[in-house]
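Let's take a friendly walk through a protein structure, one piece at a time. Keep the picture beside you as you read.

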Amino acid sequence: MALRFAHLAVAAGQIALDVLSRSEIIAREKIDRSPVTEADERIETFLIKELAGLLPGVCVVAEEAVSRGETVRAEDVFLLIDPIDGTKEFIAQSDEFTINIALIANNRPVIGVIFAPKKSRIWFAGATAYAVDVTAGAAFALKDDWRKLSVGLETPEKFLALVSKSHLDADTRFYLSRFKNLEIAPMGSSLKFCLLAEGRGDFYPRFGPTMEWDTAAGEAILCAAGGVVLDIKGSPLIYGKAEESYRNGPFVAWRNPLIFQKATFS
């Protein structure tokens with residue numbers, strides 16, 4: 001199923017690139033003051049339709065539908081869609097935006113797909129996590145060209161923290177200030193989870209607000225590669241929080257649990 005989701009994300013990536021090819025990208029402001037574009041809405045419509053055919057009867061919780069006020073109550077098994085994660089980066093025509101799809105079962109992400117159309121790279125996971133180079137709208141690579149992801153067990157002397165380019169708030173800055181020997185790399189969207197899964201960073205702290213569709217696919221990929229995502233109490237994130245409008249609390253994603261256990265603070 002993870003591979004079928006990956007095919008859909010790659011197909012949807014062509015919609016994003018078609019919109020980016022225009023001379024002007026028109027965005028409007030949603031109720032929460034975040035931007036939305038034609039690409040967000042077209043990709044979401046496409047994915048909802050295709051996923052309904054793939055998994056008939058399975059509830060879909062999608063960012064733009066929820067933003068419009070549509071009431072969707074998650075079930076034991078449901079799908080999360082973020083049609084464009086990193087809309088600000090998309091509007092700026094950066095390559096740091098992604099298309100995210102996740103399957104949730106019993107409040108936890110079990111399948112995740114993240115496609116970065118302008119990077120021509122996809123990350124996906126069920127029980128195992130992979131990264132594949134693929135162009136938006138193109139045929140998927142043969143399995144021999146898939147790269148299995150593993151986070152690596154080494155504990156570095158100097159930590160590399162991946163942080164939000166657009167949402168580096170005071171609480172996150174304070175958390176980072178507690179680390180010795182720290183390097184910080186800002187970037188947009190769910191790419192931070194993907195880089196952790198590739199072993200190209202050590203942790204990603206996020207104390208500002210996120211939604212479940214922002215994190216589910218990335219968490220599925222990172223955990224399948226051997227990483228972990230924990231809230232500030234050290235517990236896994238819970239998904240399907242309809243009563244909280246699918247909002248997450250603060251969390252830290254770790255390349256592997258050993259780093260979390262051995263992290264030293266100044």
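Glu219 sits in helix 7, which covers residues 212–224. Keep in mind that this is a predicted model. Is Glu219 buried or exposed? Its relative accessibility is 1%, and buried means under 20%, so Glu219 counts as buried. Which residues does Glu219 touch, leaving aside neighbours within four places in sequence? They are Arg108, Pro109, Phe193, Val229, Leu237 and Tyr239.

Seven strands form an open sheet in the order 3-4-5-6-7-8-9, and their pairing is mixed. At the edges are strand 3 (59–62) and strand 9 (147–148), each of which pairs on one side only. Helix 2 (residues 38–54) packs on this sheet, where it touches strand 3, strand 4 (77–85) and strand 5. The direction of helix 2 makes about 155° with that of strand 4.

Ala105 stands opposite Arg108 of strand 6.

| Strand pair | Sense | Bridges |
|---|---|---|
| Strand 5 (residues 98–105) and strand 6 (residues 108–116) | antiparallel | seven bridges |
| Strand 12 (residues 203–206) and strand 16 | antiparallel | four bridges |
| Strand 14 (residues 228–231) and strand 16 | antiparallel | four bridges |

**Strand 16**

Now look at strand 16 (residues 251–254), which is covered on both faces. In a regular strand, side chains alternate between the two faces of the sheet. On one side of strand 16 are Phe251 and Ala253, on the other are Val252 and Trp254, and all are buried. Phe251 is the bridge partner of Arg206, while Ala253 stands opposite Val229. Val229 is also one of the residues in contact with Glu219.

The start of helix 2 has a cap: a side-chain oxygen of Thr37 lies 3.2 Å from the backbone nitrogen of Ala39, at the N-terminal end.

Which residues of helix 2 are buried? They are Ala39, Asp40, Ile43, Glu44, Leu47 and Leu51. Seen down the axis of helix 2, the buried residues fall within an arc of 120°, so they line one face of the helix. Thr45, Lys49 and Gly53, on the other side of helix 2, are exposed.

Leu47 belongs to helix 2 and is buried, with a relative accessible area of 0%. Beyond its neighbours within four places in sequence, Leu47 is in contact with Leu8, Ala12, Ile81, Ile99 and Ile101. Arg33 is 14 residues from Leu47 along the chain, and their C-alpha atoms are separated by 24 Å.

**Helix 1**

Leu8 and Ala12 take us to helix 1, where they are among the buried residues, as are Phe5, Val10 and Ile15. The buried residues of helix 1 pack against helix 2, strand 4, helix 4 (87–91), strand 5, strand 6 and strand 7. Helix 1 (residues 2–20) also passes the length check: its 19 residues should span 27 Å at 1.5 Å a residue, and its end C-alpha atoms are 27 Å apart.

Conventions:
Residues numbered from 1 in each chain as written. Predicted model: local features only at pLDDT ≥ 70, side-chain atom pairs only at ≥ 80, totals over all residues. Heavy atoms only, no water. Helix = DSSP H or I, 4+ residues; strand = E, 2+ residues; numbered from the N terminus. Buried < 20%, exposed > 50% of the residue type's maximum accessible area, 1.4 Å probe, protein only. Contact = heavy atoms within 4.5 Å. Pairing = 2+ DSSP bridges. Axes fitted to C-alpha atoms, helices over the stretch in contact; angles between N-to-C directions. Arc of directions from axis to C-beta. Polar contact = N/O pair within 3.5 Å; in protein donor to acceptor, adjacent residues only side chain to side chain. Expected span 1.5 Å × (residues − 1).
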